[in-house]
Amino acid sequence: MSTAPLAVALFSQQPASAPTETADPQIAAALRDVSPARIQQTIEKLVSFSTRHTLSSDMPASSGKGANVAAEWIRSEFERYAKECNGCLQVKSDEFTQEPGPRIPKPTKITNVYAVLRGSDTANAGRIYLVSGHYDSRNSETNDATGDSPGANDDASGTAVSMECARVLSKHRFPATIIFLTVAGEEQGLYGSAHFAKMAKAEGWNLEAVLNNDIVGGDRTPGDTLQEPHVVRVFSEGIPTTADEKQLRTIRALGGENDGPSRQLARYIASVAMVYFPPTVFQPKLVSRHDRYLRGGDHFSFNEQGFAAIRFTEFRENYNHQHQNVRTENGIEYGDLPKFVDYDYTANVARLNAAALASLASAPAPPANVRLLTKELQNDSTLVWEASPGGLATGYEVLWRDTSAPDWQHAQAVADGTRATVPVSKDNVIFAVRALDAKGHRSLAVVPVPER
Ligand SMILES: [Zn+2]
C-alpha cells in the first residue's frame with residue numbers, strides 16, 4: 001500500500017476532472033457511423049406495422065400488423081447485423097405470457113428481443129452495460145389493440161436508438177459486454193422490462209448500467225419555438241429505490257441524497273458528452289428526478305431490482321403527439337407520426353448512448369469495497385478500496401465536490417495502490433473513487449461507505 005502524492009495545489013483550481021479526458025478513436029469512429037437516414041428507416045418500418053400495441057401480439061404474421069410482427073422484424077435486423085460482424089452478436093428473445101392484471105385483460109404473450117455483444121476480455125465479459133427502448137405503442141385508448149398506433153416518437157425512436165447502437169458498436173470489440181434490448185409491455189405497465197430485469201437479478205448478472213431511451217424523437221411541431229434540438233434530458237433517481245432502512249439512515253446522516261449509483265451514471269454520461277460533443281452541438285441536461293410528473297418508464301424496472309438505470313427523453317414533449325388517435329381537430333394534428341420526428345436529433349441521442357456504452361465497456365471495472373475511514377476526528381480524509389477486478393486498471397482517481405455542487409469539482413490521481421489521503425475535510429465534501437486505464441478510459445465513480 002502506498003499513499004498517493006498530495007498535489008491539491010495543482011488541481012484545486014480546476015473546475016472539473018471531465019475535460020481532461022480525451023476521445024478514444026475507436027469510439028469516435030463508431031459515432032461517425034451513426035446514420036440519421038438509417039434511424040429514419042427503422043422508425044418508418046416500425047410505424048408501418050400499424051400498431052405495436054402489447055395486446056396485439058396475437059395478430060398473425062399474415063396481417064403485417066401487431067407487436068409480434070414488429071418483434072420478428074427487430075429480430076431479423078439484429079440477425080442481419082450479426083451476420084455483418086461474423087456472428088459477433090448473439091440474438092435472443094425473452095418471451096413469456098403475462099397473466100391478466102391492470103391493462104392486461106387476458107393472458108398475453110410479451111416478447112423482449114435483444115442482442116448481446118459479448119466482451120472480448122474473459123476477465124471483464126461478466127460486466128454488462130445495456131441500452132433499451134420499448135417497441136410497443138398505444139393510442140388514445142389504453143387497451144385498443146387494433147386501432148392505428150404509429151408510436152413514432154413513443155417509442156420507435158428509443159427502439160431505433162438501441163438498434164442503431166447495435167449496428168455501429170458491433171463493428172468494434174470491447175472488453176466488457178454490451179446488450180441492446182427492445183421491450184414490449186411498457187405502455188401497459190412496464191411488463192417487458194420488469195420481466196427482463198427480474199431475469200437479470202435472478203441469474204446474478206453484473207449489470208452495471210442501464211440506459212433507457214423513451215421519447216427521444218425531438219418532436220418538431222411546426223411553429224414550436226421552444227423545443228431545444230441540442231439537448232436531451234437524463235432522468236435519474238438520487239436515492240436508490242432498493243435502499244434499506246440502514247442505508248437510508250446513512251444517506252440521511254451524511255447527505256447522500258444526490259449520490260446513488262443511477263445519479264453517478266447520469267454524471268458519467270455528462271462527462272462522456274463533454275469528450276465527444278461540442279457543447280453547442282449536443283448536450284445532456286441532467287434532471288435530478290426519477291422521471292417527469294405523472295410518468296414512469298422502463299428504468300424503474302431495473303432500479304427496482306437494484307441496478308443503476310437512467311432515462312433519456314427529449315427536451316420538450318408535445319402531448320398532442322403521444323398516446324393519441326391520429327386525427328385533426330380544430331386545425332390541430334394529433335397522433336405520434338414520423339413527420340414530427342427529428343432524425344438528426346435521434347441520431348445524436350444514439351451517438352450519446354453509444355459513446356457512454358463504449359466508454360463504460362472499454363473502461364476498467366469500478367474499484368470494489370470503497371470506504372472512507374472515519375475512526376477519528378481529523379481534518380485530512382483517507383479513502384481505501386480494493387483493486388478494480390479484471391486487471392484493466394492502471395490507476396485510480398479520488399474525486400470530490402462541495403456537498404452543494406452538482407458534479408465533481410476535483411480529481412486527484414492515485415498512480416499506485418488502493419489508498420489515498422487528501423488534505424480536505426470529509427465533513428465538507430462528497431468523495432468518490434474511480435478506476436482508469438492507460439488510455440484514459442474511466443470507470444463509474446463509487447461513493448465510499450464510512451468505516452469506523
Ligand atoms: Zn414510452
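**A tour by selection**

Start with helix α6 (residues 186–189), which gives the most to the lining of the second largest pocket, with 4 residues. Helices here are DSSP runs of H or I with at least four residues, strands are runs of E with at least two, and both are numbered from the N terminus. This is a predicted model, in which local features need pLDDT of at least 70 and side-chain atom pairs count only at pLDDT 80 or more, while totals for chains, interfaces and linings use all residues. Residues are numbered from 1 along each chain as its sequence is written, and side-chain values use heavy atoms, with hydrogens and water left out.

**The pocket**

Stay at the second largest pocket, where the space comes to about 260 Å³. Next select R103, E186, E187, G296 and H323: of the 18 lining residues, these are the closest to the pocket's centre. A pocket is an open set of points on a 1 Å grid over the protein atoms alone, where a 1.4 Å probe fits, with protein on both sides within 12 Å along at least five of seven lines; lining residues have an atom within 4 Å of a point. The volume is the space filled by probe spheres set on the points, which are joined across faces, edges and corners.

H134 is in strand β3 (residues 127–134) and D214 in the loop between β5 (206–213) and β6 (231–235), 80 residues apart, so the pair links distant parts of the chain. H134 is buried (under 20% relative accessible area, with a 1.4 Å probe and protein chains only), at 0%. D214 is also buried, at 1%.

Go to V433 in strand β16 (residues 429–436). V433 is buried, with a relative accessible area of 0%.

Finish at Q283 in strand β7 (residues 283–287). Q283 counts as buried at 16% relative accessibility. Its contacts, again without residues up to four places away, include H230, M274 and F277.

Note on methods
Buried < 20%, exposed > 50% of the residue type's maximum accessible area, 1.4 Å probe, protein only. Contact = heavy atoms within 4.5 Å.
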